[in-house]
Amino acid sequence: MAKRPAESDEKELEAVKNGDRPMDMDVDVDEAGEFEDEFEDEFESEDEIFEAGVDGRPDEEREAEEKEHAMEVDQGTFIPGRHKLSAGETLAPDLSTYELLHTLEAPWPCLSCDIVPDTLGSERKTYPATVYSVAGTQAAQGRDKENQIMVMKMSSLSRMEKEGEDDDDDEDDDDEGSDPILETKSIPVTSCTNRIRVHQAPQSTSAKPATTLTAAMTESGQVLIYDITPHLTAFDTPGSTITPAQNKPVSTIRAHKANEGYALDWSPLVPEGKLLTGDITGKIFTTTRTQGGGFVTDTTPFTGHEGTVEELQWSPSEKTVFASAGNDGTVKIWDARSKSRKPAVSVQVSNTDVNVLSWSHETAHLLASGADDGEWAVWDLRQWKPSTSLSSNAKPSPIANFNFHKEQITSVEWHPTDSSIVLVCAGDNTLTLWDLAVELDDEESRDTGGVPDVPPQLLFVHYMEQVKEAHWHPQIPGAVMATGGSGFGVFKTISV
C-alpha cells in the first residue's frame, strides 16, 4: 500500500475541480374485378425479411435515422481522474445525487480509518445520523510526536435538502439543517499509523458496554492494541474524562521488530479477538486474545510472499482460513492451523503490487482484489486449486475485472448486505461504486451513455482529494465513510 508523502505541498490540498412509422402501402386498383391483397407480403424470402429489420426497412437506414433524432450526448463529459481542469475551474458535487454528504477536517491526514459498531440500531434511515469511528494520523516528517489515534463521534449529519420536499414529511427528523459535529478523544502515539482496524467483543453483561478494541499498525513496526471502550462511553457521559492509563495500549506486538507493515485484520468469527499482522519482509503473525483479556502472539510467522504483505483478510465463513496479498503480485490462501506456515493456494493475479483485498460476507467464495496498475478484479475461489509446489503460478481468470481507474487502487470493499455492490478507492482522487449485477447485453452497452470506456456496472463516481480508504457503515444502509488528504467524508448516494 503506497503511502501519501508525509509532508504535502499546500497547493495540493487546495480545492480543485475536483422513428417514423412505415408509410401506408399503395393499392393497385387499375384492373376492374381483379382482387389484390393490400397486405400481401412484399418480401420473397426469409433472408430478405431478416435483412429488412423490424420495421420493414434495412437496419442501417433505421439506425441512421435513430441516430439523427437521438438525444445528443455530451462527449466532453468530465470524468475525475481522466480529465484535468483548466485554470480557475473547480469541481462541485451534484447535490441532487446525494442523500447525505458531509466533510470533516482532521489535524493531520489519515491513511486509514474504521467504523465502530454502535447501539443506535440497525438499518437506520432517520436523520440526523451519527457515526462512531477511529483513524490514525500521518503527521509531517519531523513532527512524529504530534501523531494520534483519533476516536471520533460524528453527529448531526443531516440529510440533503431536496427541492419540492414537504417539510411535514420529515417530522421524525430533528435538526435537519444543523451543521455536523465532530467530537474526538485523542490517544497520543509517536509514529504514523499505516492501518487501523476495530474489533468489538460481545457484552459480558447487559449492564456493561461491549469491549471495543482497536489495533494500529505503525510505521515503526509496532502494532498497538487499545481498549477504546472508555473513550466511546465518554462521548455520551457528561463530565467524564480519560485517564492517562486508559490512553496506554493494552498490548504491544513487537514480533515485526522494526519492520514497517500495512496489513492488519481482526477475525469476524473469533468473539474474543484474533488478529493478523503482516510486514514488508513478508512475515505474517497471529495474535490471540485470551479469556482473561491478555494477548498472545505466535512468534513463528507464516511466510511465502516475496516482499511486502500489503493486505490480510480473514475468511467470513471459515475460522482458520485467511487470504493475503503482496507486492509480488500474488494472492495467497492460508490455513492458520498449518504447521508448515506455508500457503495452501498461491495465485499470480497481477504483474504489479496487489494492494487491497475484500472477502464478500454474502458470497463467501468471492474475493475482490485491487492492484497498483489501477485494475481491480473479482475472483471465484472455487476455481483456485491447491498449490502443488511453491513455484506454481497458475492464473485462473477473474469472473469480473475493470481498468476504469488509471492509478493505484487503495481500497476495495464489498457492501455488507448486497452481494453485487462494491466500493473502490483509487489514486486518481475518486471513490467509485459498482454494481456487478449489471450485465452486458450487447457490444453497444459497453459504453455508458455514449461515453467511451465507462462500464455500465459503474454506478457512481465520488470525488475526494487524495482518498485512501473507505468503508460501508454496517448499520446505516448505503452510507460510506472515507479518509484522505483532505480529511474525512461521510456520504450516501441515491444509487445505493
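Predicted model: local features only at pLDDT ≥ 70, side-chain atom pairs only at ≥ 80, totals over all residues.

**Repeats, salt bridges and a buried isoleucine**

Let me turn now to charged side chains. Side chains of opposite charge can pair when their charged atoms come close. How many salt bridges does a search of the whole structure find? The search finds nine, and I will go through some of them.

Let us begin with arginine 143, which forms a salt bridge with glutamate 146, where the closest N and O atoms are 2.8 Å apart. Arginine 143 counts as partly exposed, at 40% relative accessibility, and glutamate 146 is also partly exposed, with a relative accessible area of 35%.

The next pair is aspartate 236 and lysine 153, whose closest N and O atoms are 2.7 Å apart in their salt bridge. Because aspartate 236 lies in the loop between α3 (229-235) and β9 (251-253), while lysine 153 lies in strand β4 (residues 148-157), this pair ties together parts that are 83 residues apart in sequence. Are the two partners buried or partly exposed? Aspartate 236 counts as partly exposed, at 46% relative accessibility, whereas lysine 153, at 12%, counts as buried.

Aspartate 298 and arginine 341 also form a salt bridge, with 2.5 Å between the closest N and O atoms. Here aspartate 298 lies in strand β13 (residues 295-302) and arginine 341 in the loop between β16 (330-335) and β17 (345-348), so the pair ties together parts that are 43 residues apart in sequence. Aspartate 298 is partly exposed, with a relative accessible area of 30%, and arginine 341 is buried, at 13%.

There is also a network of salt bridges, which links Arg195, Arg197, Glu311 and Glu469.

Finally, please find isoleucine 187, which sits in strand β5 (residues 181-188) and is buried, with a relative accessible area of 0%. What is in contact with isoleucine 187, once we leave aside its neighbours within four places in sequence? The residues in contact with it are Gln148, Ile149, Val151, Tyr226, Ile228, His231 and Asn247. Methionine 150, which is 37 residues away from isoleucine 187 in sequence, is 6.4 Å away in space, taken from C-alpha to C-alpha.

How values were computed
Residues numbered from 1 in each chain as written. Heavy atoms only, no water. Salt bridge = Lys/Arg side-chain N within 4 Å of Asp/Glu carboxyl O. Buried < 20%, exposed > 50% of the residue type's maximum accessible area, 1.4 Å probe, protein only. Helix = DSSP H or I, 4+ residues; strand = E, 2+ residues; numbered from the N terminus. Contact = heavy atoms within 4.5 Å.
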